[in-house]
Amino acid sequence: MPFHPPTQFGKSIDLTTQIYRLKESEQVPENVYQNFIRYHSSLIHKLKSAQFNLDSFKNKFTDTKIEDTASSDFMFEVNMFIDGFFYNAGSTLDILARVVLTSFGQVLPRYIKFKTAYEILNEQKPGDPILPLLVQDWFDQFSNYRNALTHEIILAPDCHIEIAYTGNIPLPDEAPIDPPYKIVIPLPDNPRADRAERTTEEHPDGLKYLEEHFALILQTANLIYGNISDRAEQNGQLPL
C-alpha cells in the first residue's frame, strides 16, 4: 500500500540504500545492520497500518447515510479505526526512536518511547544536529490521546452532523450531488474528563486532526531518516 504521495517518506529509500552499501563495504557492524533492518521493517508496517485505519476512518464519512450515524455499529467502527490509527501511529514513533538509537550505536534500554531517543542522545551527544528533530511540540497531546484510549477510555463516543444545504436538487436524469451535510467526529480537549464535562473546542474535527498528524509523523520520520542518511554517506560508516 503506497503512501500518498510516495515522496512523503522518500528519505527511507535513501537510508536503506546507504545501509546496504555500507554493509557491502563492511562499514557497518552486523548487529547495527540487523537491528536497523528489524526496526525499519516494523516501522514501515506500522505506518501502512496507520494509513489503512486513517483511510478506513475517512471512508466511513462518505459511505454512511445520515440516518445510520445513530447506529451503535457506526460508532463502534469509527472508534475501532481511531484506535487503530493511534496504536500504529504511536508505535511508529516509538520504533523510530529505536532506528535512531541503533544508527548512533547506543545500547537500547528495555523500554523505549519516542522521547527516549532525545533523552539518551542529549546526554551522550549534546548539541548533535539530530536532537531538534526529536522534540516535537505536537507530540505531548498526541501521546496523551494515544495513552488515554489505549488504557482508559473511548476517545470519540459521539458524532454530530453539520448541515449545509446547497439548494441544488438533481433532476432524475442527473448525477447525484454531494450530500448537503457533513458527519463530524470531534476529539475531546481532555480525553480523561467525564463524558458530560468534555469540551471539543481545540479539535472539533477528528478526521482533520488525524490527517494532519499522520502528515506530521511522516514529515518527522522523513527528516530523521534524511539526517542519518546524509551523515552516513558523509562519514562512510555507521554508527554515527
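Modeller: Asp14 has a relative accessible area of 31%, so it is partly exposed; buried means under 20%, exposed over 50%, and partly exposed in between (1.4 Å probe, protein chains only). Residues are numbered from 1 along each chain as its sequence is written, and side-chain values use heavy atoms, without hydrogens or water. The model is predicted: local features need pLDDT of at least 70 and side-chain atom pairs pLDDT 80 or more, while totals for chains, interfaces and linings use all residues.

Biologist: With which residue does the side chain of Asp14 meet in a salt bridge?

Modeller: Side chains of opposite charge can pair when their charged atoms come close. The test is a side-chain nitrogen of Lys or Arg within 4 Å of a carboxyl oxygen of Asp or Glu. Here the partner of Asp14 is Lys11, at 3.5 Å from N to O. Lys11 is also partly exposed, because its relative accessible area is 30%. Helix 1 (residues 11–24) holds both Asp14 and Lys11, and they are three residues apart, about one turn of the helix.

Biologist: How are the helices and strands assigned, and how many does the protein chain have?

Modeller: They are DSSP runs numbered from the N terminus: helices are H or I with at least four residues, strands E with at least two. The protein chain has six helices and two strands. Read from the N terminus, the order is α-α-α-α-α-β-β-α. Of its 240 residues, 45% count as buried.

Biologist: How many salt bridges does a search of the whole structure find?

Modeller: The search finds nine. One of them joins the side chains of Asp140 and Lys115, at 2.8 Å from N to O.

Biologist: Where do Arg195 and Asp158 lie?

Modeller: Their side chains meet in a salt bridge of 2.5 Å, N to O. Arg195 is in the loop between strand 2 and helix 6 (206–235), and Asp158 is in the loop between helix 5 and strand 1 (160–163), so the pair, 37 residues apart, links distant parts of the chain. Arg195 counts as exposed, at 53% relative accessibility, whereas Asp158 counts as partly exposed, at 38%.

Biologist: How much space lies in the largest pocket?

Modeller: A pocket is an open set of points on a 1 Å grid over the protein atoms alone, where a 1.4 Å probe fits and protein lies on both sides within 12 Å along at least five of seven lines; lining residues have an atom within 4 Å of a point. Points join across faces, edges and corners, and the volume is the space filled by probe spheres set on them. The largest pocket holds about 270 Å³. It is lined by 11 residues, and the closest to its centre are Phe61, Thr62, Tyr181, Lys182 and Ile183. Helix 2 (30–63) and strand 2 (181–184) are the elements that each give two or more residues to this lining.

Biologist: Which residues line the second largest pocket?

Modeller: Among them are Asp140 and Lys115, together with Tyr87, Phe139 and His151. About 210 Å³ of space lies in this pocket. Helix 5 supplies seven lining residues, the largest share.
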